[in-house]
Amino acid sequence: MQIYEELVARGLIAQVTDEKKVRELINSGQATFYIGFDPTADSLHVGHFMALCLMKRLQMAGNKPIALLGGGTGMIGDPSGKSDMRKMLTKEDINHNIECFKKQMSKFIDFSDGKALMVNNADWLLDLNYVDVLREVGPYFTVNNMLRAECYKQRMEKGLSFLEFNYMIMQSYDFYKLFKDYGCNLQFGGDDQWSNMLGGRELIRKKLGLEEADAKAQAMTITLLLNSEGKKMGKTVSGAVWLDPNKTSPYEFYQYWRNVADADVLKCIRMLTFLPLEQIDEMDSWEGAKLNEAKDILAYELTKLVHGDEEADKARNASKAMFGGNKDASMLEATVVSDDQFVDGKVDILSLLVITGQCQSRSEARRAIEKDNSVSVNDEKISDIKTSYTKDDLSGDGIVIKKGKKSFKKVTI
C-alpha cells in the first residue's frame, strides 16, 4: 500500500483539489508541501499534533515538508472556527511563541540536510506595502466569493472585523510565495481551511498565468479530529492539551488519551498512531476489557511520540499504580503550591482544585463538592468547601485530590 492509499485507509483525507494529481505527487515522493502554524500560544497543542504526524508520514515517504511559521498571519488572526476575534498578540509574544514551536517541531520533522524547511511568513508579509497588495493581489479576489467561505459565514452574525477579513488574502499570498520561491506544489491544512487554500491556488493560477488543467499547485485538507459527539478533541476542563510537558505533563497527556470514549479509541489509533493498519484492523472487533487495552495502546503510543519512551513508560506505570487494585500515589507527578498561594498559613480545597487544573474556577469547584459530591482527598470525601490545608499537611508526600472517577492530582509544597 502506498502512502496516499494509507492516508485514505486511516481516514485522514477530507478534500483534495485533484485526487489523481495529488496521489501521483505524494506516492512518487515529488511533493514539496507546506502546513502553516500560527504562533497563537507558546506551545503546540493536540490540534497541531495531527498535522505534525501527517508531515512525518509524508516525509517518511520521500516528500519534502515546509513548516510555515505564521509570524505575519499571527498578527492578523485566523477567524476559522472562532466565534469571536482572536486576542491581538505583540511582535514580542509572536517571536517567543515561534521559538517554542521550532523546538517542538524538530521532534517530529527531520530538518537536516535540506530534508525539510522551516520558514516564517513575517519575512515577506511584514514588508508588503498596503497599496501594492491592493493592486497586485486585490484584483484576483471577489468579495462575493470570500463571503461565501465557511470561515467567514459563521462570523457574519456576530461581526467579522476588516482585520480578519484580510486573513484569506494573507494565507493565499503565502501559497503563492512558497510556490514561486520554494517550488511548493501542495498545501495541507485542516478541513476548515479549504476556502483559504483554494484562494491560494487561484492566486497562483491567475498571477502566473497557469491554465486550470495544468495548474501545478494542489491542496488537500486533513479530516478534523472530532469525537463521537462531533466536538473537536484536545480539550480538558483546564483547557487545551498541550505538547509542552510544562503545560500538560506527560502523565496528563497519557491520561487524556487513556480516557477517550469507547466510540473514539479505534478511530484515534487509526488516525494518529504509526501502528500498522493490519494490526489496527484486528482491533476492530475488540469490545469490553479489550477496548481498555486499546485505550492503553493509544495513550502509550501517542505519549511516546510526543515525550519519548521513558516518559511514556513513567506515565503508563503511574496510571496503573493509581487505577490498579492497590493505589500508589508515589508515582504521580506533584503539583507544587507556592508560599504566596497560602492565606494565613492555609490554602482551601477550592483553591487547590483550581491550582491543580481539575476545575477552571472556584465556583466550578464549589459545585463539584456541594452538588456533585465528586471530590475526595486521600480517599476521604470532601463535603465542606471551607476545608483547608496547612504547609505541614502538604509536606512530605503531600495529599492526593481525586475529582470524579479518573482525575487524580498529588499536591505538595
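How many bridges join strand S5 to strand S6, and in which direction do the two strands run? Strand S5 (residues 186–190) and strand S6 (residues 218–222) are joined by five bridges and run parallel. In this pair, Leu186 stands opposite Gln218 in S6. Strands are DSSP runs of E of at least two residues and helices are runs of H or I of at least four, numbered from the N terminus; two strands pair if DSSP finds at least two bridges between them.

The model is predicted: local features need pLDDT of at least 70, side-chain atom pairs count only at pLDDT 80 or more, and totals for chains, interfaces and linings use all residues. Residues are numbered from 1 along each chain as its sequence is written, and side-chain values use heavy atoms, leaving out hydrogens and water.

The open sheet has six strands in the order S1-S6-S5-S2-S3-S4, with mixed pairing. Strands S1 (13–16) and S4 (117–120) stand at the edges with a single partner strand each, so one side of each lacks a neighbour in the sheet.

Two helices contact the sheet (heavy atoms within 4.5 Å). Angles run from 0 to 180 degrees between N-to-C directions, with axes fitted to C-alpha atoms, for helices over the stretch in contact.

| H10 (residues 167–182) | S2, S3, S4, S5, S6 | about 145° with S2 |

The axes of H10 and H11 come within 8 Å and cross at roughly 55°. H10 is therefore oblique to H11 (under 35 degrees is roughly parallel, over 145 roughly antiparallel, 65 to 115 roughly perpendicular, and the rest oblique).
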